[in-house]
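Thanks, everyone. Let me walk you through this one quickly. Please look at the picture first.

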Amino acid sequence: MADQLKAELWTSSSNEALKLFIADSEGAVSFPPVFTYPIFGDSETIYGYQGLEILLCFNHYTFRPFLNIRYDKKLEMPNVEDPKSKLLTLLSKQTVFKDEVKWVDEVKNEIANYQIPGQLVDDFEQDNESYEIYKLDLTSDSGLELHQRLQILVLLFIEAGSYIDSNDPLWNVYVLYKVSPNEKNPRSIIGFTTIYQYWKYPGAKAFDEGLRETRLKISQFIILPPYQGKGLGQLFYSRLFGNWLKNEEIVEIVVEDPNEQFDDMRDRADLSFLNKQLDLNLINTKLTPGWIELTRKKFKLEKRQFARLLEMILLYKLK
Ligand code: ACO
């Protein structure tokens, strides 16, 4: 009874208790979450257990989730939290709890006929590996299901991240896959991004003439931790950006609340793009307000970002 009154003995850090895994037919890689406060509260603790371990595992290809919870001791008191029910409300309904054999069987059956629920929009090579980008079909059950399996990562890796309303047709989700030559593990999910499409009224005359203008807002952007720091985030962003540049309906690409890591990745990608498009040695001879606005619009960059990029280029030239 005395032990039961010592709260610290029964309090676990939810960031340490929750362990994430990506599994393929050869094994699993594990990594910790960055944030768990959206699930377990601001103090990121879970009360009522000793030796608590929460294992959340995803298949590398279909992302079908498996949840297991283990502990040495549990307090039998009414205020003890139930991590299982908290997590199950946030996970896909197809999450398998506890029964690993059932999950393995379900994964095998699913993979046997699995089609990525979306349209291939781009592919590229990097370091002798092949990658593909798919735009999910959120009007299909399988597209919605894949998004439901992925979305918990937004809570776990993006500060202040929250679930989007994937039934809103203005949301798009793009998923990056690595293509594997190994037939047993044909593709692996590397990351994903959610994009909101704002329709911009171009004025009555232009509208009557059929002009349609859209602004895209990159809302959530994630590369799975085992694949971070390999240039894949930059490539995913640059390939999508390149596709949107070719689409005449898209007039601007903005980013919602980028964090420092994302800004850094985007700056590198945008600078390398501008370096291919412009003669940066001559840029200080061109900097009139007219040129800046024309160039910014041509490259569909938002004002703040284009100003930052110009500043960086000028600072670099002054060195
Ligand atoms: N080998 C080794 N390192 C490399 C390579 C390479 N071939 N290429 C680039 N790098 C380095 C870059 O120089 C950069 O270095 P830095 O850490 O010193 O800045 C670093 O890797 C990051 O560049 P990328 O590898 O292209 O980026 P990554 O694939 O890691 O993706 C991202 C960046 C998306 C921020 C990722 O870390 C992530 O998902 N983080 C968690 C979620 C998150 O914060 N998302 C953004 C939130 S904001 C928003 O969603 C709008």
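Start with the ligand. A shell of 22 residues surrounds it, and the closest are Gln228, Gly231, Gly233, Gln234 and Gln261. Two or more residues each come from strand 14 (213-223), helix 9 (232-246) and helix 10 (260-277). Helices are DSSP runs of H or I with at least four residues, strands are E runs of at least two, and both are numbered from the N terminus. Strand 14 gives the most to this shell, five residues.

A word on the source. This is a predicted model: local features need pLDDT of at least 70, side-chain atom pairs count only at pLDDT 80 or more, and totals for chains, interfaces and linings use all residues. Residues are numbered from 1 along each chain as its sequence is written.

Strands pair if DSSP finds at least two bridges between them.

Which way do strand 10 and strand 11 run? Antiparallel, joined by eight bridges; strand 11 covers residues 129-136. In strand 11, lysine 135 is the bridge partner of glutamine 119.

Last, the domains. The protein chain has domain 1 (2-110), domain 2 (116-271) and domain 3 (278-319). These bounds come from an automatic or database domain assignment. The C-alpha centres of domain 1 and domain 2 are 28 Å apart.

Terms used
Near = placed C-beta within 6 Å.
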